Every structure is written in structure tokens, then in C-alpha cells.
Amino acid sequence: FAHHFFGGLAFILILFHPLFLAGTYLLNSVRSAAVFLLPSSNWPVNFGIISLIFLIIFLVLTFFIKLPYEKWKFTHQHLGLVFFLAGLHSFLIQSDISRSVPLRMYVLTLATVSIFVYGYRTLLGSVLVRRFRYVVQDVERLGEKVVEIEMSPQEKTMHFVPGQFVFVSFQSAEIGFETHPFSLTSSPSETNLKIAVKSLGDYTARLQHLKPGAIAKVEGPFGNFFSRSSKDQIWIAGGIGITPFLSMARTLQHQDMKNTVHLFYCATNESEAVFLEELLEISGRLNSFKVIAFCADVRGYISAEHVKKIVGDIHDKDILLCGPPSMMKNLRSQFVRLEVPE
């Protein structure tokens, strides 16, 4: 969400720059304003115009046109070209950057670091970015739409903490070589990695048919979802949003718990709560881990009031949410209305 929001905000602010400049020419005539926005023999200005045109095209594709994932990703990667042309424009025209040494050094440093990161991550990522090689050991079908994929390391084992996610690319012509993020469901104490995938689109539907023996390239881990505080905790999972909590729950059974955890597992119906039985087994072994199944067909949608009624005081606890964006947004606002600190 933050990436999407700040990307859109930056785009709007960038648009003000040529519009304000065109506005100064508009005081003379409409023709002079139009000429200003068209390419000319002034290449420093042309770099800015070309950069802006490409930026508009790529962001229109991002915000308004639903492309297949790989095609969207391919166009998105060209934003580095936009940044490079915009950098040339900034340094070659007569402006505050050319007149102020401190400002010029600041922008030069920022541009250099950005271009280095773009080259490292996007242009040379397949060579320079570290990826772990795993092989698919098992694909367990859980319900109609969910599979849990278990992978064993071919070389080094990746270390992670519960609640983190990875980017995975399965080297299979049938599945496709796309790279997608998935939360880890395994415990860090296990040698093998596990991810759970629900069929929600073309790619995740194909993963339902993944076969053991396929090679997986795994990048990560990423994220910091796990709470290390000593406070009691409330976990609220919606549907496949159970995955990071599953990793955390599988880890709890190997630890000496000093706090109490209430896990609300929300699903449309009990058949969709595919990990409920395992979580109840873990709960049966741990007095401080409580699992509450919250099925919409029986109890309606979960609310902060429901949680408060079951848990009691919610103000001195850590609350972790993972599920559909609308669910997390609604629950967050409900907890804030109950004076839970943001």
C-alpha cells in the first residue's frame, strides 16, 4: 500500500513541474505553451519530456490497465530508464541544481545510489541477487483451493524468523517462471521450507498442479511481522492470511511461552479453514495458545467488539492482522475507535 500510495503521489507532484512552467508561457500565448511541451532541438529539455511521456505510459499501465503479471513487471522495470533520463534533464538544464553546489551534490548522490540499486536489483539481479535453490518434495492438497508446498534445500538452508515471506520462482515450463511472494508456513526449526498457496488467479491456479521434483529459486527472507514483545497477543487471520500465523504457531510449540496468544481464524465456512485441525492440536498442547474459529456462515463477519467480548481487555495487547485488505482496514478502524493505540 505504501509503495502504491507514494508512487502515485510522486507522479502527481512531478506533473506539477511541467504544468507550472507551461503556465508561465501561457501568459504569452497558448501556442508558446504548447511549443514548450513539444520536443525541440534543446536536448536537456527533451530528456525531461521523453522521461515524462514514458512515466505517464508506464503508470497508466500500472494503475488503470490490468496486464498479466509478467508483462506488468516487465513494463515496471523500465521505470529505471525514466529515472535516468530525468536525471540527465536535471543536471543539464540551467536550474537551482546547476547553480547550488550543495544541492547539486545532494541530487548527484541520490541519483548515483538509485541508479546503482536499479542496476544491482533489476538489470543484474539474476546474477548478483542471492537466491537459494530448493527442490519440491511434496504438494499437499488442503481443501478445494489450497495446497501446501514443501521444499528441501539443494545447497544452503535459508534462515528466517516466523512471519516472514519469500519470493519464489518455480523452474517449470508447465507452471511458468514467474516470481511471486509467499508467506512461509514452516517453523525456522525445520530444515525444509513450506508455503501455502490459495488459487486466486492464473498463476496460483497453476501451482495447484505443481509436481514434486521441480526446482524452486527462493529469494529472501523479507518482512518483520513477528512480534517479539512480552505482551499478550491477538492474532486475526482472514482466509489464506493464516499463513504467517501458521509459521508462528508451529514455532510456539518449540518455545517456553511467557505470554498468552489468542488466534482468531476467520473463514467463510469451516471447510475453508484448512489448517484449523492442526492449530487446535497445537492449542491442545499449549495452555497459553487459544484458537477461535470464526466462520462467517455461522457468526457473521468478525468485529473488534467480538474480539473484545472473547479476550477481554484489548488495550495492553499486541494485535496482528493478516487477511483481505478490506478486512484489515475495517478492523483497524474499529480497534482505533475502541481507543487501541494505532
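Colleague: Start with I236. Which residue stands opposite I236 in β10?
Modeller: L321 in β10 stands opposite I236. This is a predicted model, where local features need pLDDT of at least 70, side-chain atom pairs count only at pLDDT 80 or more, and totals for chains, interfaces and linings use all residues. Residues are numbered from 1 along each chain as its sequence is written, and side-chain values use heavy atoms, with hydrogens and water left out.

Colleague: How many bridges join β7 to β10?
Modeller: Five bridges join strand β7 (residues 233-238) to β10, and the two run parallel. Two strands count as paired if DSSP finds at least two bridges between them. Strands are DSSP runs of E, at least two residues, and helices are runs of H or I, at least four residues, numbered from the N terminus.

Colleague: What is the strand order in that open sheet?
Modeller: The order is β9-β8-β7-β10, four strands with parallel pairing. β9 (289-295) and β10 (318-322) stand at the edges with a single partner strand each, so one side of each is left without a neighbour in the sheet. From one strand to the next the twist averages 15°.

Colleague: Which helix packs on the sheet and touches β7?
Modeller: Helix α10 (residues 243-252) does, touching β7, β8 (261-267), β9 and β10. The direction of α10 makes about 135° with that of β7. Contact here means heavy atoms within 4.5 Å. Axes are lines fitted to C-alpha atoms, for helices over the stretch in contact, and angles run from 0 to 180 degrees between N-to-C directions.

Colleague: And where does α11 lie?
Modeller: Helix α11 (residues 276-285) lies across β8 and β9, running at about 150° to β9.

Colleague: How do α10 and α11 sit against each other: parallel or antiparallel?
Modeller: Their axes come within 10 Å and cross at roughly 30°. α10 and α11 are therefore roughly parallel to each other. The cut-offs are under 35 degrees for roughly parallel, over 145 for roughly antiparallel, 65 to 115 for roughly perpendicular, and oblique for the rest. α10 passes α11 in a left-handed crossing. L246, A249 and R250 of α10 make the contact with E278, L279 and I282 of α11. By class that contact has four nonpolar, no polar and two charged residues. Ala, Val, Leu, Ile, Met, Phe, Trp, Tyr, Cys and Pro count as nonpolar, Asp, Glu, Lys and Arg as charged, and the others, Gly among them, as polar.

Colleague: Which residues make the contact?
Modeller: On α3 they include F47, I50, F54 and F58, and on α5 they include L81, L85, L88 and L92. The residues of this contact divide into 14 nonpolar, three polar and no charged.

Colleague: Is I50 buried, exposed or partly exposed, and what does I50 touch?
Modeller: I50 is partly exposed, with a relative accessible area of 29%. Buried means under 20%, exposed over 50%, and partly exposed in between, using a 1.4 Å probe and protein chains only. I50 touches W43 and L85, not counting residues up to four places away in sequence.

Colleague: Now V136, buried or exposed?
Modeller: V136 is buried, with a relative accessible area of 2%. V136 lies in strand β1 (residues 132-142). Residues touched by V136 include I149, F170 and L210.

Colleague: Why is β5 called largely enclosed?
Modeller: Five of the six residues of β5 (residues 193-198) are buried, so β5 is largely enclosed by the rest of the structure. Six bridges join β5 to strand β2 (residues 146-153), and the two run antiparallel. One of the pairs is E150 with K194 in β5.

Colleague: Where is the cis peptide bond?
Modeller: The cis peptide bond joins G220 and P221, with omega about 5°. P221 is found in strand β6 (residues 215-222).

Colleague: Last one: what is phi of E339?
Modeller: Phi of E339 is near 70°, a positive value in a residue other than glycine. E339 lies in the segment after α14 (325-337) and is exposed, with a relative accessible area of 65%.

Definitions and conventions
A crossing is left-handed if the near helix is turned anticlockwise from the far one by less than a right angle, and right-handed if clockwise.
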